[in-house]
Amino acid sequence: MRSTYRTARTALAGTVMMAATAAVLAVSPSAAAQDFGPDTCLQGYVWREARPSDHVCVTGATRDRARYDNSQAVKRRDPGHGGYGPYACREGYVWREAFKGDMTCVEPSTRAEARRDNQLADSRKVSARLWATSRTPGPRCNGDTCTTTNDHPRIQLHGDHYNYGKVNVSIWRNSDTRHAFWSGSVTAHAQQGRAGGAFDIDTKVVDCSRKGSRPNGYAQAYDVVSGRWSARVPVTVGCYVL
């Protein structure tokens, strides 16, 4: 009887462990997503944190350097040196100037890097930009013979400032936010002249805005890596059923 009880208890424990493992695997993709709002960094970058509010996106090595430089700030000062006041730097060091009023003394190469990181700050954030255009399919050709069609313009969606990888895109009616009017996915990748991961997708949804109708829906994109949503882009849909 006791042996049977131990066997049952062992089986139950194994079942619980398997269920717990399955639960962890099920939630791990969403748990990995980290949306820090408009200051969310692209994958591979972190906040510099030269001060608590410094959210410029940099490499992990650069953040470590900023922390180290902050810890050495007092040792690198030479008050009055060169007539630069109480925060003057010792010979061989300069102010970092990562932000206005940053007088942390660092090596010249570190200041140059801080300036470059500031210039690239916008391109390293998951701004999740999304915009829509309209495109009318051209004639269909078979060899030298082309046929003009009466196809209606279709909605094209474009984005940049996403992580490299999967982006889910969808179109919704304002009157029905439970069921997507259209949905799809696309892989964001590097494109010349566009920051971060970029994409273009033909939704094949008829663009009804040229009929003088007011927008009755919106398009939105979801960056799977960070869990960040784009702003809603107004669209007009539903005038034709293909």
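1. A search through the whole structure, which is a predicted model, turns up four aromatic pairs. Here rings of Phe, Tyr and Trp (its six-membered ring) pair if their centres lie within 6.5 Å; planes under 30 degrees apart are stacked, over 60 edge-to-face, and the rest tilted. One of the pairs joins Tyr-222 and Trp-229, tilted, with 4.8 Å centre to centre and 50° between the planes.

2. How exposed are those two? Tyr-222 is partly exposed at 22% relative accessibility, and Trp-229 is partly exposed too, at 43%. (Buried is under 20% relative accessible area, exposed over 50%, partly exposed in between, with a 1.4 Å probe and protein chains only.)

3. Now for charges over rings (NZ of Lys or CZ of Arg within 6 Å of the ring centre and within 35 degrees of the ring normal). Arg-51 sits over the face of Phe-99, 4.0 Å from the ring centre. Arg-232 does likewise over Tyr-218, at 4.2 Å.

4. The search also gives one cavity of 30 Å³ or more. A cavity is a set of points on a 1 Å grid over the protein atoms alone where a 1.4 Å probe fits but cannot get out; lining residues have an atom within 4 Å of a point. The largest cavity holds about 70 Å³ of space, and its lining has three nonpolar, two polar and six charged residues. Among the lining residues are Arg-48, Arg-65, Asp-69, Arg-96, Glu-113 and Asp-117.

5. A note on conventions: residues are numbered from 1 along each chain as its sequence is written. Local features need pLDDT of at least 70, side-chain atom pairs count only at pLDDT 80 or more, and side-chain values use heavy atoms, without hydrogens and water.

Note on methods. On a 1 Å grid over the protein atoms alone, a cavity is a set of points where a 1.4 Å probe fits but cannot get out, and a pocket is an open set with protein on both sides within 12 Å along at least five of seven lines; lining residues have an atom within 4 Å of a point. Grid points are joined across faces, edges and corners, and a volume is the space filled by probe spheres set on the points. Ala, Val, Leu, Ile, Met, Phe, Trp, Tyr, Cys and Pro count as nonpolar, Asp, Glu, Lys and Arg as charged, and the others, Gly among them, as polar.
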